[in-house]
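This report goes through a protein model one region at a time. Please keep the sequence and the coordinates open while reading.

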Amino acid sequence: MEASPPRRKQRLSSPDPAAEAAAPSLDSLPPEILEKIISCLHVRDAVRTCSLSRAWRRRWESTPGIRFFWDSSAAAAPPAAIDAVLARYACPVRDFCYWEIPEEAFARTDEWIPALAGKGVQSLTLRFREYLRVDIHTLHLAVFSCRELTHLTLHGCFVPTAPPSFAGFPKLTWLSLTMVGFHEHGERDLEAMIHMSPLLETLELKDIQILGDEFDEWVIQAPNLRHLSFEADEDYGLQIGELPSLDKAYVTIQEYSSVDRDFVKFLTRLAQVRVLEFRIPIVDSQLNDEVDLEFFSAQCTNSLFPKLKTVTVTDTPLWSNEMYFIEFILSKARLLCALFVYKDDDSDYSNPSEEAVIQLAKFRRASPKARVFFRTMDEYWRHEIVLSKMVDLL
């Protein structure tokens, strides 16, 4: 039997240069599409596109809209790398966010903030990592030169005293300060930041600290403010001004700097809200029998709280003045759907829950839909997320 002839391996045809040239490539896309693609990438991935080809080597540098987002996993991008990226980027910075800034990068923010101010940063988020053994970092003065800001979020730092040339943030709509400190008389700087931001819609002040023993009165006044959150150990002389657009207010203050505060005036400044959550020790315990419903009613009309649907009273010992206040809310809010009362069970001075529940059931209600929910603070912390979702549905 004759052996079969050996098979010849089929040879691949040579590529057709004309066909290869006609094949679509990334570079064949319109420039605006390429810019859109790069702007959707994480900043580290956008920079890496420089290795694709010679044509892409500097493309990211002139692509607008890249979001400069760094988080606690940014160990692969040391502070020096952030310096280099900011220096090479030729467009305005839309968004710069560094979450959990490590200790070794605290001082480098003094270089980033002036650079960002020069590049017209629109959204700035700086969250300094907390170390008990490290002094809180004071921001560079150039933060007051970021005139294009629409969003400013700061956590764990000191704000410097504003320079005389500070002209406000004319485009700012969001201001969030958490564990942020101000130097002595810093309440005036805080007041100016708010007042000189005419477009401000959301204001969050949580655990702020102002150095000093005495504080001047300062006013939160913003014509477009819709959402106000104020949580602090003391009020530092806070006053509520005209807030005609306010929709939601969350106020938690442990102590007030003035024993003769006008709480009726304070309350009427929040009269237009739809959602109200507060922890306000209305009067000292020694005076708690001196406030009654007739006093509140004499100061206010039946048109008070025309939009109010949800009220949350937190950490209350259920003193008589607080019960009067709850009764006042129930008797005035004609659209009220839910009033949540969270009792302070840790206080030795709290009134018995059984008596409070019986009393709450007897209060007259202006709204036929109003329901009162009596809870403990432990339940408050467990259900805070659920509560926020319920509030949004009302």
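## The loop at Asp-213

Asp-213 sits in the loop between E10 and E11; strands (E, at least two residues) and helices (H or I, at least four) are DSSP runs, numbered from the N terminus. Asp-213 is exposed, with a relative accessible area of 77%. Exposed means over 50% relative accessible area, buried under 20%, and partly exposed in between, with a 1.4 Å probe and protein chains only. From C-alpha to C-alpha, Asp-213 and His-185 are 9.7 Å apart in space, and 28 residues apart in sequence.

## Basis of the model

The model is predicted: local features need pLDDT of at least 70 and side-chain atom pairs count only at pLDDT 80 or more, while totals for chains, interfaces and linings use all residues. Residues are numbered from 1 along each chain as its sequence is written, and side-chain values use heavy atoms, with hydrogens and water left out.

## Overall make-up

The protein has eleven helices and 18 strands. Of its 394 residues, 46% are buried. Contact means heavy atoms within 4.5 Å. Among contacts between residues at least 6 apart in sequence, 67% join residues at least 24 apart.

## Helix H6

Helix H6 covers residues 186-195, and seven of its ten residues are buried. These are Gly-186, Glu-187, Asp-189, Leu-190, Glu-191, Met-193 and Ile-194. The strands they pack against include E5 (151-155), E7 (174-178), E9 (202-206) and E11 (218-220).

## Helices H4 and H5

What is the angle between helix H4 and helix H5? H4 (residues 79-88) packs against H5 (residues 109-118) at about 15°, with the axes 11 Å apart. Axes are lines fitted to C-alpha atoms, for helices over the stretch in contact, and angles run from 0 to 180 degrees between N-to-C directions. H4 and H5 are therefore roughly parallel to each other, the term for angles under 35 degrees.

On the H4 side the contact is made by Pro-79, Ile-82, Asp-83 and Leu-86, which meet Glu-111, Trp-112 and Leu-116 of H5. Five of the contact residues are nonpolar, none polar and two charged. In this count Ala, Val, Leu, Ile, Met, Phe, Trp, Tyr, Cys and Pro are nonpolar, Asp, Glu, Lys and Arg charged, and the others, Gly among them, polar.

## Nonpolar cores

A nonpolar core is a set of buried Ala, Val, Leu, Ile, Met, Phe, Trp, Tyr and Cys residues joined through side-chain atoms within 4.5 Å. The largest has 98 residues, and Phe-68, Phe-96, Leu-126 and Ile-220 have the most contacts inside it. Helix H9 (residues 320-332) supplies the largest share of this core, six residues. Another core, of six residues, lies apart from it and includes Ala-338, Tyr-342, Phe-373 and Met-377.

Not counting residues up to four places away in sequence, Phe-96 touches residues including Ile-82, Leu-86, Trp-112 and Leu-116.

## Thr-314

Thr-314 is part of strand E16 (residues 310-316). Thr-314 counts as buried because its relative accessibility is 5%. Leaving aside neighbours within four places in sequence, its contacts are Glu-277, Phe-278, Arg-279, Tyr-342, Met-377 and Tyr-380.

## Residues with positive phi

Glu-100, in strand E2 (residues 95-101), is not a glycine, yet its phi is positive, near 65°. Met-179 also is not a glycine and has a positive phi of about 50°. Met-179 lies in the loop between E7 and E8 and, at 36% relative accessibility, counts as partly exposed.

Terms used: Angles under 35 degrees count as roughly parallel, over 145 as roughly antiparallel, 65 to 115 as roughly perpendicular and the rest as oblique.
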